[in-house]
Amino acid sequence: MPWKKLSDFPEQKVIGVYAIEFWAIRDGKVWHQGRKRRAADAASFEIYLDEHLENSLFIARDASSIYHAWTRMSEIDRNSFARRDQYWVDQHQVYLEHETSLKAVQNADPQSFRDLGHGYAADQNAAWYWGRLMKTCTHSQRLEVFTDNTLYASDEEQIYCDGKALQRVTAHSWRMLSAHFSTDDVHIYYLERKLPRVDIASWTHLDGPWSKDKQHVFYMNKIQKEYSAITFDLAALQQIQQP
């Protein structure tokens, strides 16, 4: 079970990275990082644990409430609250934990909600990337993440990279060229951004964010005017840049 009673931990303490005392019971009261949680019930207080202990030390509950760090989340239904990979749901709402906050994903439907992994999620009406609404996704029911490159997703009509739509690219014409470059046979894209004035016939990926065609050298999606496409030597440049 992912929930474990605080009283069952050694010395009734949960110690995280850098020896930080995240939770403790002292004098019959619950403490979080040096601050007393006066309303928390120490006898029933539980910590949410997963396979990565350091990633779940802010989520807790007692017999009546959910807690996130120093905040009692009174709006969350304690009994239906459950994890969905990176997201959380209760019977009323979907939530996303980010750093030191646990916030509702606005207008998300918990009954049809799907956590697709790697930040992508969708319900029957809309899609999100790390809690940010993907405004151009109108076929959220069909949204899926690419297994071989999880930065990318498709709803069978549009392609998304890092949650952003590749402008005027249709799914049937698009393909990956490398980890970060892709094409629709009209343009070349570095992540979600189009390379300007690129000649597709002569374009080649060099290494990492570097590429070139017969006229230009590109770093990510920017033309590097100081370099000649004819004489550019990436290996020599990388050697010069090494400390």
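**Exercise 1. Work out whether C137 is buried or exposed.**

Solution. Start with the number: C137 has a relative accessibility of 5%. Now hold that against the cut-offs: buried is under 20% relative accessible area, exposed is over 50%, and partly exposed lies in between, using a 1.4 Å probe and protein chains only. So C137 counts as buried.

A quick word on what you're looking at: this is a predicted model, where local features need pLDDT of at least 70 and side-chain atom pairs count only at pLDDT 80 or more, while totals for chains, interfaces and linings use all residues. Residues are numbered from 1 along each chain as its sequence is written, and side-chain values use heavy atoms, leaving out hydrogens and water.

**Exercise 2. Find how many disulfides the whole structure has.**

Solution. First, the idea: a disulfide is a covalent bond between the sulfur atoms of two cysteines. The test here is a pair of cysteine sulfur atoms within 2.5 Å. Searching the whole structure turns up zero disulfides. Take C137: its nearest cysteine sulfur belongs to C161 and is 15 Å away. As for burial, C161 sits at 0% relative accessibility, so C161 is buried.

**Exercise 3. Describe the open sheet and say which strands stand at its edges.**

Solution. Strands here are DSSP runs of E, at least two residues, numbered from the N terminus, and two of them pair if DSSP finds at least two bridges between them. Next, read the order: four strands run 2-3-4-5 with antiparallel pairing. Strand 2 (13-15) and strand 5 (35-37) each have a single partner strand, so they stand at the edges. Finally, zoom in on one pair: strand 4 (residues 29-32) joins strand 5 over three bridges, antiparallel, and H32 stands opposite R35 in strand 5.
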